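Work through these exercises on helix packing with the model open. Try each task before you read its solution.

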Amino acid sequence: MNEPLENSMPAHPDHLYTWVDVNNYFAELARRGLWPSWLREVDGYWDSVRFGVASSVASTEAWSWLRSVLGPLTVDQDRQLLLLDDAGQERPLVIEFVNANDIPSADRQPRWTNRRVVAELAQPLPAPRPTTPHDMPVVAFHSFKGGVGRTLHCVAAARRLADAGRRVLLIDADLEAPGITWMVADSTRMDFAYEDFLALVHGTTDQSYPEAISLGRKFLANQEIDGVVVMPARRDRGRITPAQIEPVDLLTTDRDPYVLTEALAELGHALGVDAVLVDLRAGASELSAPLLLDPRVLRVFVTTISDQSVRGTAQILHELARRAPARQQTDPDCGLVVTQFNPLDHDGRLATVATELRSEALAVSRRTEAEGDQVDADVAIPVISSRFDPNLLNLPGNWADVVRLTARSGLTDLMGELVDALPLAAGTAFDAPLAPTGMTPDSVRARLADVAGSLVFAEESGHRDFLPTEALRNLAQAHRTELPVEVVIGSKGAGKTFTYLQLCTRPTWASFAEAAGVAGSPLGAPTIAVLASTTLKREVEESIDGYRTAAARRLTGRTPASFLAIREMVGEALHQERSPRQWRQLWLACFGHSLGLDVTEETAESALTDFAGRHSAVFVLDGLENLFRNFVNDGQEQLALRALLVDCPEWLRTLRGRPLGLVAFVRRDLVRAIGHNVGQFERRYEKYALRWNQEEALRLTAWVCQRGGALRLPDEEVRTANREVLSPQMVAVWGEKMGTTKSREARSEVWFFAALSDFNQQIQARDIVSFLAAAAEDSIGGGDRWADRVLTPLAMRNALPKCSQQKIAAISEENEPVANLLSRLRNLDPAYRSLPFKLDAVGLSTRDAELLEANGVVLAEDGQYWIPEIFRHGLNFTMRSGRRPRVLAVAHLVRRRNDVAG
């Protein structure tokens, strides 16, 4: 039979060999809702086919419809026969019409095979009760094919939960080819197995399942391994005969159709676990159907990128969307794990697979492109990519060895994105920190909005309090006894100017190191600001100038040249044709002028050498983007930058004892001006780059919230805590999810990172505080519904477009080349402002795209370009009609590329 198009009349069947083909064909018509209203059931058997019809239908109408769907040569009305395919000898089935009122109603059950072909096949299966007993999370791992790593990733998920202090019931439900059973056979007792549990449930109609629960609780207590209670498929792993009782045997008319989920949840509650994880049989097997067809179960699908595995997984998801879609807000979204890919060869294919499977999974969740924003859609269906590791092809037979292998291969951490989002079972208390006493939710929100708002442009206001990042600690730690000659690279908004301010307003290198968390440095060299950003407020610039003037007069007895005078020196030189050596001499002269030395370009080297014989100092520069606005195209600007960032540090390193230091803060895109070996240059200074990884971004978020009164945490703890400590604390700020705890909304923390990340895997400090300020202000008046948190979900979503607009406005002020390109994109005709796009469609050159990519604004994939959410809103780009968002898929692609490059 040809595969029919969705929502269209299937073609006449190519072949009808038996009554089974007849039933299957009419079942397909029923599933597509293509039965006439008068037809209620089709029942084929080896010698006849019976049609249950309404008494009101005319015989002529019924026969006419049969001929239209089966073909005139297949239906013989005169003899009332349906003619099957034959090889020369007629093979008929007798056609019978019976009154539908005489047919009992169908009792549909969660199984793949339809025992009765009825009109109700057009509808999903009957909905189960809204939640599982005791709200017990039940997670089922499934794969269309075997050998894709389903069992290994299920074990890794169980270990991830156990490592986080949550007890797990892990069940090997693959009754035909058990995997977990073999792993644990030599590691624990196997007194109670899945087969036993099925048989005990089958033997009672009492929906409290007393024997199954009591015996399971008694014997499974002896089968716990480090927080994971393991239920093998069978007690005797050497027996290969089929199980006598299978899951579908429980589906009798006197039981709840979702009896298996109900019983497993009750067992999990009796054992006191936080979640039940089930490793299912691969394929479209009835062994797996009862759990897969229960929308309350978190269904995790594991596949490779092979065509057969992907297509089969997509078909399973398609069937779930038709038979068992989400019915309640509490029904979980599906999870997708793509395994065994090679990042060097499969990136494009992986992104395509992720898009295809997410599209099918969204249909299961009954989410649409118009529902929420696209960050929600991508976070809702995470596609976890698990790289090929040859060590995983030869699994050990011992549980402990398997667990060590999953940890060493990174699988345990990888599954965190999936299982960390599981809600706690009912009765498990979540102890979130409270806001300071005596403050109402709205007063906390107002205070947080004020504090975060003051930090948006902290460099302008002269804030003295700052959060040391790993990069700054590395910088201070690596230069406790020797002055730094380093370049600090940071993307726009990463905090370069703010860090520059902290360095220049502390009188010595040692005092800055102490503020960065590295005490005991003996280096009392003063910090000497050479250049400052033109975005600083006058009073802030005057404060910096006061520190360097005092230091210069102490060292040389003279007043240093002003920032304006030094900027003019460089600006005038840019109108001349200068050699690399001349540019180096000019920069050294600028260093000398910042000390108050009376030098020329020709005498700068000797003057600084003489100064270094008696004194020490650290030169500090920022605001290079104000001077070099056309570095992409201007050769002199490129030479000037290379001389400052490469040649000057080399010269300073030749001075014995390193008496003169240099810290140059440079925006990441300007680094491209040095020409060759950009990658090598960045790797040299990677330890000091101002990159906000997710842990540090979360720490900054918590630090701002603490100062805004939204978290009651000790100062030292918020400065040093890791993500495992901070994540549960932040629930008091933004809730567990972007909705109620039991909703199907994304986890708030995951949404936060997906919304604010660019395509350089960066979340800039300015974007974080801008987001907190906007979300806190919009949360005021949130009412009693969101009294459990400071930031309301709607306010967080509304804050994203505001932050996007602010980000683009800030770039437009400070980065002219990028600003021009963003302006062109934003001013495109709306018909062209859709994602993904091709360069020629939006009028960008390859060089333009490289500049945008360096700034994290775009990412190329298979000749098409994407824009992250933090830019997309401000540029007013939409998703192309018919395309689903791929924010997380592309973010995973970026991470994989960086992993390979590293």
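**Exercise 1.** In which handedness of crossing does α22 pass α23?

*Solution.* The crossing of α22 with α23 is left-handed. A crossing is left-handed if the near helix is turned anticlockwise from the far one by less than a right angle, and right-handed if clockwise. Helices here are DSSP runs (H or I, at least four residues), numbered from the N terminus.

This is a predicted model: local features need pLDDT of at least 70, side-chain atom pairs count only at pLDDT 80 or more, and totals for chains, interfaces and linings use all residues. Residues are numbered from 1 along each chain as its sequence is written, and side-chain values use heavy atoms, leaving out hydrogens and water.

**Exercise 2.** At what angle do α22 and α23 pack?

*Solution.* Start with the ranges: α22 covers residues 580-594 and α23 residues 604-612. Their angle is about 45 degrees, and the axes lie 8 Å apart. Axes are lines fitted to C-alpha atoms, for helices over the stretch in contact; angles run from 0 to 180 degrees between N-to-C directions. α22 is therefore oblique to α23. Angles under 35 degrees count as roughly parallel, over 145 as roughly antiparallel, 65 to 115 as roughly perpendicular and the rest as oblique.

**Exercise 3.** Which residues of α20 and α21 meet?

*Solution.* From α20 come Glu-541, Ile-544, Asp-545 and Arg-548. From α21 come Phe-563, Ile-566 and Arg-567. Contact means heavy atoms within 4.5 Å. Next, the geometry: these helices pack at about 90 degrees, axes 11 Å apart. α20 and α21 are therefore roughly perpendicular.

How values were computed:
Helix = DSSP H or I, 4+ residues; strand = E, 2+ residues; numbered from the N terminus.
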